[in-house]
Amino acid sequence: MSFIDDVREAVLAVPAGSVASYGDIGGRIGVGPRQVGRAMSLLDENVPWWRVVHADGTPSTCHDGRAPELLSGEATPMCGTRVDMQRARYRWTP
């Protein structure tokens with residue numbers, strides 16, 4: 001399994017209403033956040049890409065800037081234009 005598959009699996013584990021940062025996913029699978037970003041660009045539309053945000057809660061700007069709308073539709077806790085990382089960050093169980 002490649003690290004791209006590992007990224008896919010990690011993103012698919014994040015439930016609606018929660019998010020993970022690029023660094024969270026990288027830490028989970030043992031790669032850097034930039035590698036996660038690169039892998040995300042290679043994944044198909046069936047992966048909930050909008051649930052992966054920057055460390056400060058800023059949503060992704062790709063896909064015509066649709067992330068805020070999709071996050072809102074899932075009732076993801078927000079603080080202004082950013083995700084409330086204290087409340088929305090997904091924590092994997094060991």
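Predicted model: local features only at pLDDT ≥ 70, side-chain atom pairs only at ≥ 80, totals over all residues.
1. A residue counts as buried under 20% relative accessible area, as exposed over 50%, and as partly exposed in between. On that scale His63, with a relative accessible area of 28%, is partly exposed.

2. With 77% relative accessibility, Asp64 is classed as exposed, whereas His63 is partly exposed.

3. Helix packing comes next. Two packed helices are described by the angle between their axes and the distance between the axes. For helix H1 (residues 3–13) and H3, the axes come within 9 Å and cross at roughly 85°. H1 is therefore roughly perpendicular to H3. On the H1 side, the residues involved are Phe3, Ile4, Val7 and Val11, which meet Gln35, Val36, Ala39, Met40 and Leu42 in H3. By class, this contact of H1 with H3 comprises eight nonpolar residues, one polar residue and no charged ones.

4. The axes of helix H2 (residues 22–29) and helix H3 (residues 33–42) come within 8 Å, with a crossing angle of roughly 100°. H2 is thus roughly perpendicular to H3. H2 contributes Tyr22, Gly23, Ile25 and Gly26 to the contact, and H3 contributes Pro33, Val36, Gly37 and Met40. Five of the residues in the contact of H2 with H3 are nonpolar, three are polar and none is charged.

5. Gly27 and Gly80 are 53 residues apart along the chain, and their C-alpha atoms are separated by 27 Å.

6. How many aromatic pairs does the structure hold? There are two. In one, the ring centres of Trp49 and Trp50 are 5.6 Å apart and the planes stand at 90°, so the pair is edge-to-face. Both Trp49 and Trp50 are buried. In the other, the rings of Tyr90 and Trp92 have centres 5.2 Å apart and planes at 80°, which makes this pair edge-to-face as well. The cut-off behind both assignments is an angle over 60 degrees between the ring planes.

7. Tyr90 is partly exposed, with a relative accessible area of 22%. Trp92 has a relative accessible area of 18% and is buried. The limit that separates these two classes is 20%.

8. Ala67 is located in helix H5. Is Ala67 buried or exposed? With a relative accessible area of 0%, Ala67 is buried. Leaving aside residues up to four places away in sequence, Ala67 touches Trp49, Trp50, Pro59 and Ser60. Two of these neighbours, Trp49 and Trp50, form the edge-to-face pair described above. The C-alpha atoms of Ala67 and Gln86 are separated by 19 Å, and the two residues are 19 residues apart along the chain.

9. Which element holds Pro77? Pro77 lies in the loop between helix H5 (67–73) and strand E3 (78–79). This proline is buried, at 14% relative accessible area. Apart from residues up to four places away in sequence, Pro77 touches Gly17, Val83, Asp84, Arg87 and Ala88. Pro77 and Ala88 are eleven residues apart in sequence, with a C-alpha to C-alpha distance of 5.9 Å.

10. The structure holds zero disulfides. Among the cysteines, Cys62 is partly exposed, with a relative accessible area of 35%. Cys79 is exposed, with a relative accessible area of 56%.

How values were computed. Residues numbered from 1 in each chain as written. Heavy atoms only, no water. Phe/Tyr/Trp six-rings, centres within 6.5 Å; stacked < 30°, edge-to-face > 60°. Buried < 20%, exposed > 50% of the residue type's maximum accessible area, 1.4 Å probe, protein only. Disulfide = S-S within 2.5 Å. Axes fitted to C-alpha atoms, helices over the stretch in contact; angles between N-to-C directions. Helix = DSSP H or I, 4+ residues; strand = E, 2+ residues; numbered from the N terminus. Parallel < 35°, antiparallel > 145°, perpendicular 65-115°, else oblique. Contact = heavy atoms within 4.5 Å. Nonpolar A, V, L, I, M, F, W, Y, C, P; charged D, E, K, R; others polar.
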